[in-house]
There are 2 protein chains.
Amino acid sequence: MDAAIFTVIGEPTRLRILEALRERAQAVGDLVAALGSTQPTISKHLKVLREAELVNCRVDAQRRIYELNAEPLQEIDAWLQPYRDRWNHSLDALEQYLDDTDREDE
Amino acid sequence: MDAAIFTVIGEPTRLRILEALRERAQAVGDLVAALGSTQPTISKHLKVLREAELVNCRVDAQRRIYELNAEPLQEIDAWLQPYRDRWNHSLDALEQYLDDTDREDE
DNA sequence: TCATTACATACCTTGACAAGTATATACGTA
DNA sequence: TACGTATATACTTGTCAAGGTATGTAATGA
């Protein structure tokens, strides 16, 4: 697992951009207004997100419309699997414990 | 969603520590040997992981045995959900497209 | 053509973080 | 008690990334 994608979405402003784009595709100016940062700051974060392929960009006259591309997040989803197994094993253990406890009452 | 957990696991050495501890709980010295960093470096990363509650620590004589605590990762799992929905919607759209294409052959 | 809008990028400054060295602390053993 | 082991932490240094200002660039409209 490459840690890079975590550093990309670990930056608070970038995370907020992703969540804003989840609602709808937006132009840079819309994101600037929504997130309250300066335009160069937003543009630079969008560049990072573009290079991580977490967003796509299409041109509309002078505007650039950015849209979310969630596919790279599938890597995180897959990475989580062994940890998910742990939660479930813990859950199994809890259930086992509860079963045992119930049995004591019988 | 707090971006902090992403910055914690976005550091390559910390990510490797997590994956090493997934195999088995280990003392600091074991991790130093396994990951090839210096002891202070590993100890400092373990401190960050401790503060994020991604690892627990128990004392065994002079040694500190660190074990994985995967529970905080559930937050990431939950955060992924709306993005997962997108993958599935895209999949639906693909299936729809394939259905339509099939129909054209009929 | 000139001004305006929308965005990207270059440059600079600052702050955070990671790694290394040196040191402190706690435990075990002779 | 003295020493070795295991780990944490203080301190320093270098690197990198984020934000701001200024500027470049492309498209629109008068």
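Q: What counts as two residues being in contact here?
A: Two residues are in contact if their C-beta atoms, placed from the backbone, lie within 7 Å. Keep in mind that this is a predicted model. In chain A, take the contacts with a separation of 6 or more: 48% of them link residues 24 or more positions apart.

Q: Now the DNA. Which residues come nearest to DNA strand C?
A: There are 20 residues around DNA strand C, and A:A27, A:V28, A:G29, A:P40 and A:S43 come nearest. Elements giving two or more residues to this surface are α3 (28-35), α4 (39-51) and β3 (63-68) of chain A, plus α4 (39-51) of chain B. The largest share is six residues, from α4(A).

Q: How many residues of that surface are nonpolar, polar or charged?
A: Near DNA strand C you'll find nine polar, six nonpolar and five charged residues.

Q: How is chain A laid on chain B?
A: A turn of 180° with a shift of 0.0 Å along the axis does it, at an RMSD of 0.1 Å. The two copies are therefore related as by a two-fold rotation axis. Both copies use the same surface, too: 100% of chain A's contact residues recur in chain B.

Technical notes. Residues numbered from 1 in each chain as written. Chains lettered and ligands numbered in written order. Predicted model: local features only at pLDDT ≥ 70, side-chain atom pairs only at ≥ 80, totals over all residues. Near = placed C-beta within 6 Å. Helix = DSSP H or I, 4+ residues; strand = E, 2+ residues; numbered from the N terminus. Nonpolar A, V, L, I, M, F, W, Y, C, P; charged D, E, K, R; others polar. Least-squares fit on C-alpha atoms with pLDDT ≥ 70 in both.
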